[in-house]
Amino acid sequence: MIKKIAILGSTGSIGTASLNIFQKDLKKFKIVLLSANSNYSLIKKQIKIYKPTYFVINDKAVCEKIKKKCQKSKVKIYNKFSDINLKKIKFDITISAIVGIAGFEPTLKFINHSKKILLANKETIICGWHIIKNLSKSNKSEIVPIDSEHFSINQLTKNFKDKDIEKIFITASGGPFLNKSLKSFKNIKPNDAAKHPKWKMGKKISIDSSNLMNKVLELIEAYRLFPFDPKKYEIIIHPQSLIHAIVFFKNGQTRFLYHETDMRIPIANAIYENDFDAGKLIKTKKNILRNFENLKFKKVDKKRFPIVTLLEKFYNKKSGPIILNACNEVLVGKFIDGKISFKSIYIYLRAVLRHKDYKKYAIKSSPDIKDIYKIDKWARRRTLEIIEKKNI
Ligand code: NAD
Ligand code: MG
């Protein structure tokens, strides 16, 4: 049976990496639905190559332009997910790879229509994992986190309980500013921050990686996904980015997961349930042992990466991460637009987390969808207000 595939965020870094895997095995997979925001030329190209039955295009103007251009093609084009009637369709695999909270509702919609969801969108996990988990249980759909560190932790800790685990390290490359002089941080431009030394990723996650916000989000993502004591997690700098997580067990053993810095490895392992030949996808290094000689690890310098000090606020399972995420989405956008400096991302984040009403919005247990958007909206407003007043 040919497997039906949907990709939410098909023009992005995870979306294109996933398409590259499916493309090499079109006897087994049919791309049925793609979705993207506004990349006109890539959307046009993907329609031509993959001939999906549906394409959802979030940007209205681009959507209209594509509709006109593709009148003769059979693809059905929609502007909103709510416009498609998915009643009869069950996807075998859905890749959820829209960036930001914008991916939350589409992910929820597709849980009802998918046997398995490969979930890359960490913002969604941070804000609404309890909802995703419950919905997937009631629909008997499987959710597989594919963020490389979480895919690794999942593999390493399967069949273990909190009592078996001493410590879990999540690795961070340290990004482009690991060795930059602290004095020159004031001159950092968006393009400098978006240049990741090891991974090729979308702009937002690359900027989040340059100040270690990505790791802060990933630790909260891990607190949500795996039922271990949050205090057992720690970030460790590992500039080579070849080991993705390290777990120390109480029984004296330590396990880690090593793979090349290519997201197709965790994605393909999730698609094929670990049963595939990676050599068909990427050139794997012949001499891995030589790589081992050069693996380095060091503690995080909190002066360089002060954002990591915010983490302890999020050990509980309450609604604080929704605020952190919304605030960060606004600040990264402002930084890209040249409206705020690199260093002020942390300063403004901290200011919102210290706002007099923060606790009121951050203490909700298991917020429902309406609550999530209410809290998200509050955080976005406060962030803009604080930027405007430079009230820090
Ligand atoms: P990206 O910016 O390269 O791609 C984002 C995709 O989402 C694009 O297809 C874009 O068209 C679509 N999109 C953006 N806004 C949208 C909207 N409002 N509505 C509908 N579609 C929209 O991002 P990416 O690097 O592929 O990351 C995607 C997600 O995966 C993020 O949550 C990121 O944190 C996570 N992730 C990425 C990587 C990586 O290596 N890139 C690794 C782990 C996790
Ligand atoms: Mg990651």
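Colleague: Leaving aside neighbours within four places in sequence, which residues is S35 in contact with?

Modeller: S35 is in contact with I7, L8, G9, S10, F55, V56, F81 and I98, where contact means heavy atoms within 4.5 Å. Before going on: this is a predicted model, where local features need pLDDT of at least 70, side-chain atom pairs count only at pLDDT 80 or more, and totals for chains, interfaces and linings use all residues. Residues are numbered from 1 along each chain as its sequence is written, chains are lettered from A and ligands numbered from 1 in the order in which they are written, and side-chain values use heavy atoms, with hydrogens and water left out.

Colleague: Where does S35 lie, and is S35 buried or exposed?

Modeller: S35 lies in strand β2; helices (H or I, at least four residues) and strands (E, at least two) are DSSP runs, numbered from the N terminus. S35 is buried, at 2% relative accessibility. Buried is under 20% relative accessible area, exposed is over 50%, and partly exposed is in between, with a 1.4 Å probe and protein chains only.

Colleague: Switching to ligand 1. How many residues surround it, and which are the closest?

Modeller: 22 residues surround ligand 1, and the closest are T11, S13, N37, E123 and G202. A residue is near a molecule if one of its heavy atoms lies within 4 Å of it. The shell divides into 10 nonpolar, nine polar and three charged residues. Ala, Val, Leu, Ile, Met, Phe, Trp, Tyr, Cys and Pro count as nonpolar, Asp, Glu, Lys and Arg as charged, and the others, Gly among them, as polar.

Colleague: What about E123, how far is its side chain from an oxygen atom of ligand 1?

Modeller: An N or O atom in the E123 side chain is 2.7 Å from an oxygen atom of ligand 1. A polar contact here is a pair of N or O atoms within 3.5 Å. The N58 side chain has an N or O atom 3.3 Å from a nitrogen atom of the ligand, and a polar backbone atom of G9 is 3.2 Å from a ligand oxygen. Taken alone, ligand 1 exposes 830 Å², and the protein buries 87% of that, using Shrake-Rupley areas with a 1.4 Å probe.

Colleague: And the metal? Which residues coordinate the magnesium ion?

Modeller: D147 (OD), E149 (OE) and E218 (OE) coordinate the magnesium ion, ligand 2, at 2.1 to 2.2 Å. Donors are N, O and S atoms within 2.8 Å of the metal (3.2 Å for Na, K and Ca), and sites may look incomplete, as water is not among the atoms. E149 lies in helix α6 and E218 in helix α9 (residues 213–225), so this pair ties together parts that are 69 residues apart in sequence. E149 is buried at 6% relative accessible area, and E218 is buried at 1%.

Colleague: Why is helix α10 largely enclosed by the rest of the structure?

Modeller: Eight of the eight residues of α10 (residues 264–271) are buried, so the rest of the structure largely encloses this helix. Its buried residues pack against α1 (13–23), β2 (29–36), β5 (91–96), β6 (114–119), β7 (142–145) and α6 (148–157).

Colleague: Last one: what's phi of N159, and is N159 buried or exposed?

Modeller: Phi of N159 is near 70°, a positive value in a residue other than glycine. N159 is exposed, with a relative accessible area of 79%, in the loop between α6 and β8 (165–172). S241 has a positive phi too, about 55°, but S241 is buried at 6% relative accessibility.

Technical notes
Polar contact = N/O pair within 3.5 Å; in protein donor to acceptor, adjacent residues only side chain to side chain.
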